[in-house]
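Visitor: I'd like to talk through this structure with you, a piece at a time. Could you put it up on the screen?

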Amino acid sequence: MDERDIVIIGGGPAGYVAAIHASHLGAKVAVIEKDKLGGTCLNRGCIPTKALARTAEALVKARAAGDFGILMDSIRIDFPRIMAHKSKSVNQLVSGVEQLMKSNKIRVCRGAGRILSPQLVKVNGEEIATRKVVVATGSESTPLPVPGTDLPGVLTTDDILELTELPESLVVVGGSHVGVEFASIFNALGTKVTIVKRRPLRLEPVDEEIGRRFAQTLPRQGIEVKIGAAVKAIEKKGAVLRAVWDTPEGKQGVEGQMVLMATGRAPYTGGLNLSELGIQMDGRAIRVNEYLETNVKGIYAIGDVLGKNMLAHVASYEGEVAVENALGRSREADYRAVPNCVFCHPEIAGVGITEKEASDGGIPYKVSKFPFAACGRAVAMGETAGMVKMICRAGDGVVLGLHIMGPHASDLIAEGALSIRLGLTAEDIVHTIHAHPTLPEAVRETAMGQLDGAIHFQRL
Ligand SMILES: Cc1cc2nc3c(=O)[nH]c(=O)nc-3n(C[C@H](O)[C@H](O)[C@H](O)COP(=O)(O)OP(=O)(O)OC[C@H]3O[C@@H](n4cnc5c(N)ncnc54)[C@H](O)[C@@H]3O)c2cc1C
């Protein structure tokens with residue numbers, strides 16, 4: 001019988017990163033994956049959407065090329081080539097993970113894993129003995145339980161990534177991060193997009209002010225947003241689909257060639273044998289302690305299956321923490337600084353507490369803001385929409401939150417995450433020389449707003 005130090009079930013960004021890290025720490029590791037290595041993130045999530053977002057960004061830039069003195073007579077898109085770029089990016093990264101498994105001497109077992117005991121796992125009829133088990137089985141999309149979701153043209157986020165033709169119009173049900181990202185992408189490609197949403201578009205946990213400002217940009221970009229729309233059915237109406245909801249004035253609806261159901265995800269634990277093992281759950285999510293161990297000693301859980309921060313970078317972080325603990329170290333998972341990004345146009349990113357959380361929590365705080373319109377690099381790039389907003393503790397200036405809407409927000413947020421994790425102050429950021437002309441100068445100028453004032457902008 002094969003014997004391992006750690007068996008990891010699930011080869012997504014939680015599982016494969018955990019496996020590589022455990023291998024670096026000297027463990028003999030096996031990963032069980034029933035589909036493709038890379039999981040949702042590489043195959044159906046982060047990577048394909050960001051490949052498409054890149055196309056959308058290139059198109060937006062091409063349309064504005066005249067502002068930079070580049071004259072183009074016409075801009076056309078080739079949808080199959082757009083999708084080929086997406087598939088190529090995915091395939092390249094998936095095969096990269098396969099190579100990493102080989103080079104780290106990690107056994108990959110193809111099939112569905114089942115935990116027989118904390119020391120025994122079964123896959124494809126084979127039993128593997130192990131010292132520790134890590135569950136990294138991810139999540140699945142949760143369709144809205146309304147009639148009509150099985151009609152042709154009603155898409156999940158998986159389906160929309162496999163389209164062969166660009167839809168003329170698209171109704172996005174749900175204004176989650178993922179829904180807004182697809183809305184941004186397809187709008188840029190030329191599809192008429194309508195987002196339908198029960199409550200105002202807030203993009204939690206994005207800072208309320210940033211979320212509100214972003215929502216105001218949507219009509220200007222040509223994206224229509226219908227609020228107060230609790231979709232109760234998808235109906236077929238001739239050649240188009242209609243998402244319908246009730247209002248006090250009667251039934252209302254919006255039509256589109258296709259409908260994207262971007263209505264959320266839930267932890268996936270099918271076939272693992274968790275209830276027989278007595279593993280405690282919080283609804284569909286696995287409950288773990290601060291060391292990411294379940295109530296059954298020797299069985300750990302990481303990633304989306306915990307149902308909390310359903311993000312790839314959190315999944316990978318948890319993978320590293322869990323295997324260190326499984327191999328005898330003692331490291332608590334620290335969620336003080338989890339960056340949250342929305343890859344829409346303009347980009348949004350945030351880390352730490354929002355202004356509302358500070359005020360609701362009675363935390364004495366100070367806010368400073370700096371617009372990209374006052375940042376030299378952003379002006380040179382022609383991307384001046386948006387701003388940086390910093391929340392610091394009143395008195396000592398410790399950074400509590402950083403929130404950004406604007407160019408490269410998802411890259412800029414790393415400085416905020418590091419500052420919050422290390423308990424740095426606005427002064428620490430100000431006293432750090434930032435290269436010129438760069439976008440991070442906007443973060444430094446915002447930090448200056450906490451002290452004596454930004455150089456290139458009057459206090460907002
Ligand atoms: C459209 C979309 C866009 C996204 N964009 C982003 C983004 O930009 N940034 C971000 O941080 N996050 C993003 N996410 C979320 C991100 O994809 C997830 O948070 C991340 O993939 C979670 O990683 P995981 O390893 O926990 O689970 P998964 O990636 O879902 O991997 C779990 C793996 O376990 C396998 N598995 C399940 N059960 C078994 C079993 N019994 N035996 C063997 N294998 C099993 C599955 O086949 C799967 O491969 C996006 C998600 C979607 C849907």
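Visitor: Where do R54 and E57 lie, and how many residues apart are they?

Guide: Both R54 and E57 lie in helix 3, 3 residues apart, which is about one turn of the helix; helices here are DSSP runs of H or I with at least four residues, strands are runs of E with at least two, and both are numbered from the N terminus. Before going further, please note that this is a predicted model, in which local features need pLDDT of at least 70 and side-chain atom pairs count only at pLDDT 80 or more, while totals for chains, interfaces and linings use all residues. Residues are numbered from 1 along each chain as its sequence is written, and side-chain values use heavy atoms, with hydrogens and water left out.

Visitor: What do the side chains of R54 and E57 meet in?

Guide: They meet in a salt bridge, with 3.6 Å from N to O, where the term stands for a side-chain nitrogen of Lys or Arg within 4 Å of a carboxyl oxygen of Asp or Glu. R54 is partly exposed at a relative accessible area of 47%, and E57 is partly exposed as well, at 31%; buried means under 20% relative accessible area, exposed means over 50%, and partly exposed is in between, with a 1.4 Å probe and protein chains only.

Visitor: And which residues are the closest to the centre of the second largest pocket?

Guide: That pocket has a volume of about 1,000 Å³, and of the 35 residues that line it, the closest to its centre are E57, V60, H345, P346 and E383. A pocket here is an open set of points on a 1 Å grid over the protein atoms alone, where a 1.4 Å probe fits, with protein on both sides within 12 Å along at least five of seven lines, and lining residues have an atom within 4 Å of a point. The volume is the space filled by probe spheres set on the points, which are joined across faces, edges and corners.

Visitor: Which element gives the most to that lining?

Guide: Helix 3 does, with 8 residues, and the elements that give two or more residues are helix 3, helix 6 (177-189), helix 7 (208-221) and helix 12 (409-422). By type, the lining divides into 15 nonpolar, 10 polar and 10 charged residues, counting Ala, Val, Leu, Ile, Met, Phe, Trp, Tyr, Cys and Pro as nonpolar, Asp, Glu, Lys and Arg as charged, and the others, Gly among them, as polar.

Visitor: Back to salt bridges, then. How many are there in the whole structure?

Guide: A search of the whole structure finds 30 salt bridges. One of them joins the side chains of K389 and D207, at 2.9 Å from N to O. K389 lies in strand 23 (residues 387-393) and D207 in the loop between strand 10 (192-197) and helix 7, so the pair ties together parts that are 182 residues apart in sequence.

Visitor: Are K389 and D207 buried or exposed?

Guide: K389 is buried, and D207 is buried too.

Visitor: What about E255, which residue does it meet in a salt bridge?

Guide: The side chain of E255 meets that of R242, at 3.5 Å from N to O. This pair links distant parts of the chain, with E255 in strand 14 (residues 250-256) and R242 in strand 13 (residues 240-247), 13 residues apart. E255 is partly exposed, with a relative accessible area of 35%.

Visitor: Which residues do salt bridges with shared partners join into one network?

Guide: The network is made up of D207, E209, R213, E355, K369 and K389.

Visitor: What is the phi of L203?

Guide: L203 has a positive phi of about 60 degrees although it is not a glycine. Most residues other than glycine have a negative phi, and most peptide bonds are trans. L203 is found in the loop between strand 10 and helix 7, and at 3% relative accessibility L203 counts as buried.
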